[in-house]
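Welcome! Here is a short tour of a protein structure, written for someone new to reading models. Keep the picture open beside you as you go.

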Amino acid sequence: MTHSRIVGTGGYLPPRVVTNDDLAKRLDTSDAWIRERTGIAQRHIADESQTTSDLALEASRRALEAAGVRAAELDLIVLATSTPDYVFPSSACLLQAKLGVKGCPAFDVQAVCSGFVYALATADSFIRSGAYRRALVVGAEVFSRILDWNDRSTCVLFGDGAGAVVLAAGERPGIHASVLHADGSHANILAVPGNICGGRIEGSPYLQMQGSQVFKFAVRVLDEVARETLAAAGMTIGDVDWLVAHQANARILDATAKKLGLPPERMVVTVSHHGNTSAASVPLALDECVRAGRIRAGHRVLMEGVGGGFTWGAVLATL
Ligand code: ACO
């Protein structure tokens with residue numbers, strides 16, 4: 001039986017750092033409020049000239065280098081984003097061109113902050129089916145472009161960045177189990193409810209959110225889907241070395257770890273210095289820990305996402 005395995009990780013953060021104090025200079029907010037409610041101290045913001053596919057390219061190059069795989073050897077590219085370069089073509093196609101390759105299928109996945117987990121589960125299915133042997137899976141966002149920078153209740157939460165993994169066919173898992181869910185009846189609690197129509201923007205081009213409803217929903221489903229994924233793999237939380245959950249808010253992460261009975265030192269926290277980078281948050285957090293030597297070959301990692309839609313899901317993998 002064919003399995004898929006993560007054989008390389010990469011990440012990219014744009015160089016410009018915006019601290020809470022920077023925001024407090026132009027908004028009615030404070031470093032203390034943002035830290036206490038969210039755990040966020042700073043975020044990276046892309047330069048105006050940088051697009052999602054540019055960020056994705058940097059993360060992808062690093063993941064390919066770590067995997068020892070050439071772009072020409074890829075037979076699938078899946079890119080998760082809610083802030084694509086264009087309406088079309090997909091950012092995955094633009095990334096493919098920037099990587100200097102052609103021919104392999106390339107497409108975007110739109111599941112907001114669950115996007116990377118959705119993309120990883122999709123690529124895993126293709127590899128397990130025998131259709132492809134090497135996939136590039138990317139989460140990349142320029143969320144700063146869809147924020148109202150005068151709305152203190154949303155703009156302080158997010159940042160830009162990209163993370164990527166190379167997934168390869170192998171004899172052993174690799175990915176043990178994945179579970180995905182969606183419930184579109186909650187579309188209104190987190191959305192950018194706008195569209196381009198006849199040359200104009202219809203609706204709003206900015207992110208809108210019912211913060212406390214999102215908070216409660218996220219904590220509930222991150223707990224439920226973790227248990228469901230562990231059960232599907234025939235494992236328990238005691239078998240997990242690291243929880244790499246979507247980095248939305250440190251309080252959501254703390255509450256999730258507590259509900260799951262996971263010791264806090266096994267939970268990865270990067271939201272403090274990345275902010276919420278939506279689809280990029282899980283692969284960026286994974287890459288940071290791999291490069292720091294915290295997550296190593298043989299470690300078992302539970303990756304979880306939750307985001308607008310609502311969508312949520314988890315992937316359990318041994319590195
Ligand atoms: N600085 C100072 N005050 C603020 C700020 C700010 N940046 N933002 C809101 N406030 C004020 C509000 O106006 C309100 O003032 P009022 O009482 O005078 O009306 C007060 O702070 C409390 O506001 P709440 O919204 O009740 O604050 P809460 O404790 O719920 O925290 C937060 C808000 C941080 C957004 C929280 O609800 C949360 O973390 N929700 C989860 C949202 C999330 O993580 N979204 C990310 C996208 S979703 C995802 O990735 C899954």
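In which helix do Asp-124 and Arg-128 both lie, and how many residues apart are they? Both belong to helix α5 (residues 115-128), where they sit 4 residues apart, about one turn of the helix. Before going further, please note that this is a predicted model, in which local features need pLDDT of at least 70 and side-chain atom pairs count only at pLDDT 80 or more, while totals for chains, interfaces and linings use all residues. Residues are numbered from 1 along each chain as its sequence is written, and side-chain values use heavy atoms, with hydrogens and water left out.

**Some terms**

- Helices (H or I, at least four residues) and strands (E, at least two) are DSSP runs, numbered from the N terminus.
- A residue is called buried under 20% relative accessible area, exposed over 50%, and partly exposed in between (1.4 Å probe, protein chains only).

**Salt bridges**

- The whole structure has 11 salt bridges, each being a side-chain nitrogen of Lys or Arg within 4 Å of a carboxyl oxygen of Asp or Glu.
- Asp-124 and Arg-128 form one of them, with their closest N and O atoms 3.0 Å apart.
- Asp-124 is buried at 2% relative accessible area, whereas Arg-128 is partly exposed at 37%.
- In helix α7, Asp-223 pairs with Arg-227, and their closest N and O atoms are 2.9 Å apart; these two are 4 residues apart, which is about one helical turn.
- Asp-223 is buried at 9% relative accessible area, while Arg-227 is partly exposed at 45%.
- Arg-35 and Asp-31 join in a salt bridge as well (2.9 Å, N to O), and they are 4 residues apart in helix α2 (residues 31-38).
- Arg-35 is partly exposed, with a relative accessible area of 44%.

**The nonpolar cores**

- A nonpolar core is a set of buried Ala, Val, Leu, Ile, Met, Phe, Trp, Tyr and Cys residues joined through side-chain atoms within 4.5 Å.
- The largest one has 48 residues, and those with the most contacts inside it include Val-156, Leu-243 and Trp-312.
- Among the elements that each supply at least two residues of this core are α7 (211-233), β13 (242-245) and β14 (300-307), and α7 gives the most, with 9 residues.
- This core lies between domain 1 (3-172) and domain 2 (176-318), because both give residues to it; the domain bounds come from an automatic or database domain assignment.
- Leaving aside neighbours within four places in sequence, Leu-302 is in contact with residues including Ala-226, Leu-243 and Val-315, where contact means heavy atoms within 4.5 Å.
- A second, separate core of 34 residues includes Leu-76, Tyr-118, Ala-279 and Val-282.

**Helix α10**

- Helix α10 (residues 281-291) is largely enclosed by the rest of the structure, because 8 of its 11 residues are buried.
- Among those buried residues are Val-282, Pro-283 and Cys-289.
- Gly-293 follows α10 and has a positive phi, near 80°.

**A residue in a strand**

- Ile-196 is found in strand β10 (residues 194-197).
- With 57% relative accessibility, Ile-196 counts as exposed.
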